[in-house]
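Me: I'm new to this one and would like to learn how to read its features. Could you walk me through it?

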Amino acid sequence: QLQLVESGGGLVQSGGSLRLSCAASGLTFDYYVITWFRQPPGKGREGVSCISTTDDSTDYADSVKDRFTISRDNARNTVYLQIDRLKPEDTGIYYCALVPRSQLYMTCVAASLPSAYPYWGQGTQVTVSS
């Protein structure tokens, strides 16, 4: 019954900004990690940022540090990814993914394997024109 829905993608010029949203519904557990992955055209998925829902722990891939900001609104069960100073190489499909965690193992690492995440959204397209 758990569902993740991404939104907020679109076409933007280089240097612009986007705010992506990941809305979760049907949550049945208290502890979990959400990670944003992106998949450039013709390439595999890579984790770019993650956040824990029980604390302020976040992590970012080196390629997006200082430009991407992840945040959450627990009341709305929504995670956001603010992307600033967009570059053409940011183009791709952005997915949010969720993995339940024990309260004793609240690991959040951006460079995580997609296979570790059992729940995924449908993705939202980000296209940055040069």
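Me: Is Tyr95 buried or exposed?
Reply: Buried means under 20% relative accessible area. This is a predicted model, and in it Tyr95 has 9% relative accessibility, so Tyr95 counts as buried.

Me: And how do I read Phe37 and Trp120 on that scale: buried, exposed or partly exposed?
Reply: Phe37 sits at 0%, so Phe37 is buried. Trp120 has a relative accessible area of 25%, so Trp120 is partly exposed.

Me: What kind of pair do the rings of Tyr95 and Trp120 make?
Reply: For ring pairs, look at the angle between the planes: over 60 degrees counts as edge-to-face. Here the planes stand at 75 degrees, with the centres 6.1 Å apart, so Tyr95 and Trp120 are an edge-to-face pair. Tyr95 belongs to strand β9 and Trp120 to strand β10, 25 residues apart, and the pair links these distant parts of the chain.

Me: How many aromatic pairs are there?
Reply: Five in the structure. One of them joins Phe37 and Trp120, a tilted pair with 40 degrees between the planes and 4.9 Å centre to centre. Phe37 is in strand β4 and Trp120 in strand β10, so this pair ties together parts 83 residues apart in sequence.

Me: Which residues form the aromatic cluster?
Reply: Phe37, Tyr95, Tyr117 and Trp120 form one cluster.

Me: What is the chain around them built from?
Reply: Strands: 11 of them, and zero helices. Of its 130 residues, 44% count as buried.

Methods: Residues are numbered from 1 along each chain as its sequence is written. This is a predicted model: local features need pLDDT of at least 70, side-chain atom pairs count only at pLDDT 80 or more; totals for chains, interfaces and linings use all residues. Side-chain values use heavy atoms; hydrogens and water are left out. Helices (H or I, at least four residues) and strands (E, at least two) are DSSP runs, numbered from the N terminus. Buried means under 20% relative accessible area, exposed over 50%, partly exposed in between (1.4 Å probe, protein chains only). Rings of Phe, Tyr and Trp (its six-membered ring) pair if their centres lie within 6.5 Å; planes under 30 degrees apart count as stacked, over 60 as edge-to-face and the rest as tilted.
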